[in-house]
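Let's take a walk through this model together. Have the sequence and the coordinates open side by side.

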Amino acid sequence: MAVGLSGFAFGVTSAGSGLTVLQTCALSLLVFTGASQFALVGALAGGGNPFTAAAGAFFLGVRNAFYGLRLSQLLALPRAVRPFAAQWVIDETTAVALAQPTRRSVRIGFTVTGLTLYVLWNLTTLLGALGAEAIGDTDAWGLDAAGPAVFLALLAPMLRSTTERAVAGIAVVLGLGLLPVLPAGVPVLVAALAAPAVLWAEGRRRGRTDAGAQDDMPEEDR
Amino acid sequence: MNIWIAIGLTAVGCYAVKLVGLLIPAGALERPLVQRLAALLPVALLAALTAQQAFADGRELVLDARAAGLAAAAVALLLRAPFLVVVAAAVLVTAGVRALTG
């Protein structure tokens, strides 16, 4: 449900940012990881060059590598199948797969969730993009606020401890403060450095970096 | 053309990181520090992107109707509203403020 709505919001935002319907749909079909897609169209709308815009989207997508790592143990797919499964390695499929009790149900959960979301995400993207073209000036409808609201909704559950809040606070200051002085798209990449910076500071404060690491992934070997 | 370049790079990059996770041997990224960094990177990026998309017009910082919309979204999140309500609150408040202030 939430995915369908974000898909629609993405279609509207992307078309409102000046991308064509074809470009918008290509993003959902080929990229298929929401936060990266929102980041890319936001960066392009802000006048960023394609390389810095893609870099920001790429860094947001890096978390999927960690999902893939967890999933590859649970799914135990033959190597030949992995390139086909890879496109579906996202937040939602990982959450569903991790919640399954047996390998069979992990595979079914992953496949059903992946297929359903892929179809839903792409259909709603198309509807959103067509809708945005039909209504014309998306700003008058307040639709330019959909992007930041989606980001905030994704961010809010992550702000669990002081560390996360410190990273977010520093990133906001860097992202806004550097905006007028650095080329478009670059301030977001600099703001990403808030993550290693806070980790480093935390490690220094505790004297030993490893003690600062919190392992919130449950250990399971199946 | 620039947009297609950006789409191509993002598609290849995002697919590659997904595939890397499935292909590399388990344990390679299991170091706590790496896991921690991977969890914090989206926090930094999403925070910076939220702020920029709400308070920037091109390369200028502005305070306009979007700020009110974002505040409405924040209130909705604090009230544990579902995703749709959060986004709808932002959109409606932004449109409302714009309509009132012309």
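First, some housekeeping. This is a predicted model, so local features are taken only at pLDDT of at least 70 and side-chain atom pairs count only at pLDDT 80 or more, while totals for chains, interfaces and linings use all residues. Residues are numbered from 1 along each chain as its sequence is written, with chains lettered from A and ligands numbered from 1 in the order in which they are written.

Start with chain A, which has 13 helices and zero strands; helices here are DSSP runs of H or I with at least four residues, strands are runs of E with at least two, and both are numbered from the N terminus. Its C-alpha atoms fill a box of roughly 50 × 45 × 30 Å along the principal axes. The radius of gyration of chain A is 19 Å, which agrees with the value near 17 Å that a compact globule of 222 residues would have (it is taken over C-alpha atoms, and the globule rule is 2.2 Å times the number of residues to the power 0.38). Of those 222 residues, 50% are buried. Buried means that 20 or more other C-beta atoms lie within 10 Å of the residue's own, exposed means 12 or fewer, and partly exposed is in between, with C-beta atoms placed from the backbone. As for contacts in chain A with a separation of 6 or more, 65% of them join residues 24 or more positions apart; a contact means that two C-beta atoms, placed from the backbone, lie within 7 Å.

How far can you trust chain A? Its pLDDT, the predictor's confidence in each residue from 0 to 100, averages 87, and 92% of the residues score at least 70. Where pLDDT is low, the predicted coordinates should not be read in detail.

Next, the domains. Chain A is divided into domain 1 (2–141) and domain 2 (159–212), with bounds that come from an automatic or database domain assignment. Their centres, taken over C-alpha atoms, are 25 Å apart. Where they touch, domain 1 of chain A puts in 10 residues and domain 2 of chain A six. On the domain 1 side, helix H4 (residues 50–61) of chain A gives the most, with five residues. That side has four nonpolar, six polar and no charged residues, where Ala, Val, Leu, Ile, Met, Phe, Trp, Tyr, Cys and Pro count as nonpolar, Asp, Glu, Lys and Arg as charged, and the others, Gly among them, as polar.

An unreviewed entry places "transmembrane region" at residues 38–62, 108–129, 141–159 and 166–199 of chain A; the positions use the numbering used here, feature names are shortened, and annotations may be inferred rather than shown by experiment. Residues 141–159 of chain A are 53% helix, and their end C-alpha atoms lie 30 Å apart. For residues 166–199 of chain A, the helix share is 74% and the end C-alpha atoms are 10 Å apart.

In chain B, the feature is placed by an unreviewed UniProt entry at residues 6–25, 37–55 and 67–97. Residues 6–25 of chain B are 90% helix, with end C-alpha atoms 30 Å apart. Residues 67–97 of chain B are 87% helix, with end C-alpha atoms 10 Å apart.

Now bring the two chains together: 86 residues of chain A are in contact with 63 residues of chain B. The chain A side divides into 63 nonpolar, 17 polar and six charged residues. Ala73(B) is buried, because 31 other C-beta atoms lie within 10 Å. Beyond its neighbours within four places in sequence, Ala73(B) is in contact with Ala149(A) and Leu152(A), as well as Val86(B), Ala89(B) and Ala90(B).

Most residues other than glycine have a negative phi. Phe32(A) has a positive phi, near 45°, and sits in the loop between helix H2 (21–30) and helix H3 (34–45) of chain A. Phe32(A) counts as buried, with 25 C-beta neighbours inside 10 Å. Arg80(B) also has a positive phi, of about 60°, in the loop between helix H3 (65–78) and helix H4 (83–101) of chain B. Arg80(B) counts as exposed, with 9 C-beta neighbours inside 10 Å.
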